[in-house]
Amino acid sequence: PPRSTLFPYTTLFRSESKFFDESIYRLGLLNFQFAGDSENPKRYYNLAVNYFDQLANKPSGSFKYDAIYHRGWVRLNSNEENDLRLAMSDFLTLLNAIESGLIKDPLLANDYKDDAIENIAFCLIALDGTDFRSHSRGVTELQNIFSGYKNDEVIRRVVDQATINKFDLAATIQAIDYIQLKINLSPLALENPVLLDSILTLYYSDRNQIREGDDIDQIRYSIYSTMIKDYNHNSAWYAANKDKSVARQIALVDNAYTQLGVRLHNNFTTQPSQEKLSAYISHMADFDGFKRLHGENYAQWKLDVDRSTTAFYTYLADQQRNETAYMQAITNLYLFNEKYPDDSDVFNNEGLALGYAQSIFDMMNTKFDQGGYIPEQGLPANQDAVFEYFSKIALRFIDVSTSERFVNDANQTRALQITLFLGDILMAKEKLNSAKDYYLKALAYEN
């Protein structure tokens, strides 16, 4: 517009006419327009802001909030970092005025609210400039500017709009920053598990967006761990939402438990250790509490978990080949058999336990014979205790193998051999009466 347009407004301004506020307001608008085609836009931006300041700083006036709005708009268009922050402050002033009922016209208040939300979201993403990979600076800035602001719905709308803006710029990794912020701002929100899962989907849909130093698998399992910790049956989120329609969310938590269980399973089988086995067992115990509430066919699931755990103890024993690992394996083989007496693995488990007991017997007796051996806590304290431990397990195996369910010629022969072996051990120790008892039992088996 021609600069001559300024004349009537400056005249009114200088004459202190009844149109004073409107003149100041229009001078601000004109200078903002001049900035658009000026070689020195900063000068006109500053002039516009100075005019709007005069109205915005008044305690009241019909142009006060229009001036604040347009001052924010001028600052937004400068794209300078400090101006962007001042612009957000102006738009927040409008939002606070709306919340306080200072803007009476409901249509105007609604327009201001919608524009303020959109403009704050724009300023937030503008703070990043052309850096689309670093952690979005707007995330921290949003939390600062809205500190003390009480309308959570407005804040969520700003976050949603900023997220959309980042997607429009193909800045997926920074859009994820805002999704995470939305979760953090409302930790009990019903949609949070779905939002968290969407973050994982976004990482896998655009792996080129991953920040330097990040690892996609580590991100994946970190998200699964968070899904479990924040939304499982023991969480505050669950307590707040369990009576709502949460089937999708529960399925996501179940999947997180499952996937993390697979990882712990693989970690153990790749490099077996007591620590890794304990991590798997602890995880599955927590999963068990969840499955009791939400699992289909819980009994079969529990059987499969117990079978795997028992197998892991035997695998660890086979790898470590020491007395403590063998005893742990025996204990867990027996726990499984006592819990599932009709399972098809029962007889095999009893045989494994006997084999491990034989290894303990041989290893410990060798060490005792060498002299100076002090067993670890929990192991048999002397050779008599070693025999007692071994014989107890051997006799248990004999009882099982000759029971109605498992008796056959081969098992009866094996029972006879084990009984004779026990007698021979006692004979070697010159415990003749005890040896005699075993030989008589063997005779009974043969008869």
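Colleague: Which residues does Asn365 touch, not counting residues up to four places away in sequence?

Modeller: In this predicted model, Asn365 touches Gln383 and Val386. The place of Asn365 is in helix H17, residues 346-370.

Colleague: Why is Asn365 called buried?

Modeller: Its relative accessibility is 11%. Buried means under 20%, so Asn365 counts as buried.

Colleague: What makes the pairing of the side chain of Asn365 with the side chain of Gln383 a polar contact?

Modeller: The two side chains come to 3.0 Å. The limit for a pair of N or O atoms is 3.5 Å, and one atom must be able to donate a hydrogen and the other to accept it. The pair is therefore listed as a polar contact.

Colleague: Why is H4 called roughly antiparallel to H5?

Modeller: Helix H4 (residues 64-78) and helix H5 (residues 81-99) pack at an angle of about 155°, with axes 7 Å apart. Angles over 145 degrees count as roughly antiparallel, and therefore H4 is described in that way relative to H5. H4 passes H5 in a left-handed crossing. By class, their contact has 11 nonpolar, three polar and four charged residues.

Colleague: How do you know that H9 is roughly antiparallel to H10?

Modeller: The axes of helix H9 (residues 172-185) and helix H10 (residues 192-205) cross at roughly 165° and come within 10 Å. Because the cut-off is over 145 degrees, H9 is roughly antiparallel to H10. The contact includes Ile176 and Ile179 of H9 and Leu195 and Leu202 of H10. Its residues divide into nine nonpolar, four polar and one charged.

Methods: Residues are numbered from 1 along each chain as its sequence is written. This is a predicted model: local features need pLDDT of at least 70, side-chain atom pairs count only at pLDDT 80 or more; totals for chains, interfaces and linings use all residues. Side-chain values use heavy atoms; hydrogens and water are left out. Axes are lines fitted to C-alpha atoms, for helices over the stretch in contact, and angles run from 0 to 180 degrees between N-to-C directions. Helices (H or I, at least four residues) and strands (E, at least two) are DSSP runs, numbered from the N terminus. Angles under 35 degrees count as roughly parallel, over 145 as roughly antiparallel, 65 to 115 as roughly perpendicular and the rest as oblique. A crossing is left-handed if the near helix is turned anticlockwise from the far one by less than a right angle, and right-handed if clockwise. Ala, Val, Leu, Ile, Met, Phe, Trp, Tyr, Cys and Pro count as nonpolar, Asp, Glu, Lys and Arg as charged, and the others, Gly among them, as polar. Buried means under 20% relative accessible area, exposed over 50%, partly exposed in between (1.4 Å probe, protein chains only). Contact means heavy atoms within 4.5 Å.
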